Amino acid sequence: MTPMDFSFQDLSGTFSVADIAIAMALSFVLSAMIGWVYRATHRNVSYSQSYVQTLVILGMLISLIMLVVGSNIARAFALVGALSVVRFRNAIKETRDVGFIFLVMGVGMAVGTRFYLLGIVAAVAISLIIMVMHRFNWFQLNVRRQVVKVQVPSDEDFTASIQDVLVRHTDEFELVSMESIRAGALTELMYTVKIKKGSEPGDLITALRERNHGQSVTVLTGYDQTDL
């Protein structure tokens, strides 16, 4: 009696049920680990559970695609042509999100081509580097820069008085835009500033409101906003 053969033979080579199970399981574990690293190192308010779940799915999907393509060049070009019709309209909110997408894709490709050790080492090593950079806050630029928006009446020139306040409360400033608003009744001045050490955004707002006849003053500090 001939033993049952659970291997799949196609033009790209041979892979067994065990190969499929290992590739799917390993790509899931490594992609999930990368997802946890992303969650643990995320600092801003744009965190998305859906994005992290997509990372896990993408890692497994790339692994599957590499199993399908194998070493068949014609099939690889056909797959590129088929995927080129897909259009993604969700904007990536942060640059580092793109890095995580490429990371799970690279790991998925390694696992799908059965370079299991390469996939494991790469995923663990890069994840550790990300954790270290997060833990020690590498490449942080300790410069307190803010955006200041001041609304002033259009019938007078307030530029000199506004800049006088900025000289007293900031180390440096630059006028980046002037815009007429409210049908020309007001002018909005926008500056980038570096607030002096020991000075607070609230102090700057109070001083500016004394010069602009009580109109709106906004100080944008990273993801925080102080507005009066």
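Ile 129 lies in helix H5 (residues 116-135). Helices here are DSSP runs (H or I) of at least four residues and strands are runs (E) of at least two, both numbered from the N terminus. With a relative accessible area of 46%, Ile 129 is partly exposed; buried means under 20% relative accessible area, exposed over 50%, and partly exposed in between (1.4 Å probe, protein chains only). This structure is a predicted model, in which local features need pLDDT of at least 70 and side-chain atom pairs count only at pLDDT 80 or more, while totals for chains, interfaces and linings use all residues. Residues are numbered from 1 along each chain as its sequence is written, and side-chain values use heavy atoms, with hydrogens and water left out.

## Overall composition

The protein contains seven helices and seven strands. Read from the N terminus, its elements follow the order β-β-α-α-α-α-α-β-α-β-β-α-β-β. Of its 228 residues, 33% count as buried.

Helix H4 (residues 95-112) packs with H5 at an angle of about 160°, their axes being 7 Å apart. H4 is therefore roughly antiparallel to H5. Axes are lines fitted to C-alpha atoms, for helices over the stretch in contact, and angles run from 0 to 180 degrees between N-to-C directions. Angles under 35 degrees count as roughly parallel, over 145 as roughly antiparallel, 65 to 115 as roughly perpendicular and the rest as oblique. The crossing of H4 and H5 is left-handed, a term used if the near helix is turned anticlockwise from the far one by less than a right angle.

Ile 129 also contributes to a nonpolar surface patch of about 650 Å², together with Val 132, Met 133, Phe 136, Trp 138 and Phe 139. Patches are made of residues with over 30% relative accessible area and no salt bridge; like charges are joined within 9 Å and nonpolar side chains (Val, Leu, Ile, Met, Phe, Trp, Tyr) within 5 Å. The accessible areas come from the Shrake-Rupley method with a 1.4 Å probe, and for residues only the protein chains shown count as cover.

Asn 137 is placed in the loop between H5 and E3. Its phi is near 55°, a positive value in a residue other than glycine. Asn 137 counts as partly exposed, at 27% relative accessibility.

## Salt bridges

Side chains of opposite charge can pair when their charged atoms come close. A salt bridge is taken here as a side-chain nitrogen of Lys or Arg within 4 Å of a carboxyl oxygen of Asp or Glu. A search of the whole structure finds three of them, listed below.

| Salt bridge | N to O distance |
|---|---|
| Asp 19 and Arg 114 | 3.4 Å |
| Asp 164 and Arg 168 | 3.9 Å |
| Arg 211 and Asp 164 | 3.1 Å |

Asp 19 forms a salt bridge with Arg 114. Because Asp 19 lies in helix H1 (residues 17-41) and Arg 114 in the loop between H4 and H5, the pair ties together parts that are 95 residues apart in sequence. Asp 19 is buried, with a relative accessible area of 18%, whereas Arg 114 is partly exposed at 37%. Arg 114 also has a positive phi of about 70°, although it is not a glycine.

Asp 164, Arg 168 and Arg 211 are linked in a network of salt bridges. Asp 164 and Arg 168 both belong to helix H6 (residues 159-169), where they are four residues apart, about one turn of the helix. Arg 211 forms a salt bridge with Asp 164. Arg 211 lies in the loop between helix H7 (201-209) and strand E6 (217-221) and Asp 164 in helix H6, so this pair ties together parts that are 47 residues apart in sequence.

Ser 63 is placed in helix H2 (residues 49-69) and counts as buried, at 0% relative accessibility. The C-alpha atoms of Ser 63 and Ala 110 are separated by 7.6 Å, although the two residues are 47 residues apart along the chain.

Arg 145 lies in strand E3 (residues 145-153) and is partly exposed, at 46% relative accessibility.
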